[in-house]
Amino acid sequence: MAAGADSSVDVLAIAAHRDDVEQTCGGTLLRMAARGLRTGILDLTQGESGTRGSAAERAAEAEDAARILGVSHRQALDLPDGAIGNTLENRLKMARVVRELRPRVVILPYWEARHPDHAICATLGYEACFVAGLSRVAAGSAPPHRPFKIVYASLYADVRPSFVVDITPFIEQRHDALMAYKSQYSNQAQGGGLFVPEEEIRERTFAEARHYGLLAGVRYGEPFVQREVGLVDDLMLIPVQSI
């Protein structure tokens, strides 16, 4: 998805692979877009090492998913799928995008994960956001920029979330965006023992969203962790009932 004349976004979700964002924070991007915010996705790899689908197939599917999510910008870097490294070269590649898109909020995957690429993406993304704000570091032609807020999508992490985003009105679109990846989630012989059967995906993903929604007193939700302490201005406006 090509950048327009104004390529800036308000919220940028960064993930290792095409379809990671759809799984962990697709509903949140839909909610932000519905509020009139510009959203973007940066996938770090092309998907060339996946058990299912080619890089070209996943690129086309990512475009379809992006349209469903209503994102303003989506692109993929060329970091090696399955072997992402936290190197200066990779930090500068990501910093260049952060400077070009100038997000206020960046969403990263949680820093502990089964897949090494996901865990590395969290650390690499944080450091790239820091580097993007250094005026003496060369990373593209855009001026330095550092996001105000970094949050971590923790759907698959066994941790208590700092907060949950209500995605109830967008749960069907979220599912449609994930299922745009037909090469990954349609029933097929290749990888049959590794992937969830297509008929179970809806039940599982809705159940996860229902679990986190219940924690926050809504029907469906997506969980996030923030490292810093939150700030409350008015005790009367804190959401989620205590008793």
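**Exercises on burial, cores and backbone angles**

Met32 is a residue of helix α2; helices (H or I, at least four residues) and strands (E, at least two) are DSSP runs, numbered from the N terminus. The model is predicted: local features need pLDDT of at least 70 and side-chain atom pairs count only at pLDDT 80 or more, while totals for chains, interfaces and linings use all residues. Residues are numbered from 1 along each chain as its sequence is written, and side-chain values use heavy atoms, with hydrogens and water left out.

**Exercise 1.** Determine whether Met32 is buried or exposed, and list what Met32 touches.

*Solution.* Step 1: the relative accessible area of Met32 is 18%. Step 2: buried means under 20%, exposed over 50% and partly exposed in between (1.4 Å probe, protein chains only); Met32 is therefore buried. Step 3: not counting residues up to four places away in sequence, Met32 touches Val11, Leu37 and Thr39, where contact means heavy atoms within 4.5 Å.

**Exercise 2.** Describe the largest nonpolar core and the surroundings of Leu29.

*Solution.* Step 1: a nonpolar core is a set of buried Ala, Val, Leu, Ile, Met, Phe, Trp, Tyr and Cys residues joined through side-chain atoms within 4.5 Å. Step 2: the largest one has 32 residues, and Val21, Cys25, Leu29, Ile107 and Phe224 have the most contacts inside it. Step 3: two or more residues of this core come from each of β1 (11–15), α2 (26–34), α3 (55–69), β5 (149–153), α6 (171–179) and α8 (198–216). Step 4: leaving aside neighbours within four places in sequence, the contacts of Leu29 are Val11, Ala13, Val21, Thr39, Ile41, Leu69, Val71 and Ile107.

**Exercise 3.** Compare the span of helix α5 with the expected value, and state what covers its buried residues.

*Solution.* Step 1: α5 (residues 116–131) has 16 residues. Step 2: the expected span is 1.5 Å times one less than the number of residues, here 22 Å; the reach from first C-alpha to last is 22 Å, close to that value. Step 3: the buried residues of α5 include Asp117, Leu124 and Val131. Step 4: their cover includes β1, β2 (39–45), β3 (73–79), α4 (88–101), β4 (105–109) and β5.

**Exercise 4.** Examine phi and accessibility at Asp19 and Arg102.

*Solution.* Step 1: most residues other than glycine have a negative phi. Step 2: Asp19, in the loop between β1 and α1 (20–24), has a positive phi near 105° and is buried at 4% relative accessible area. Step 3: Arg102, in the loop between α4 and β4, has a positive phi of about 55° and is partly exposed at 34%.
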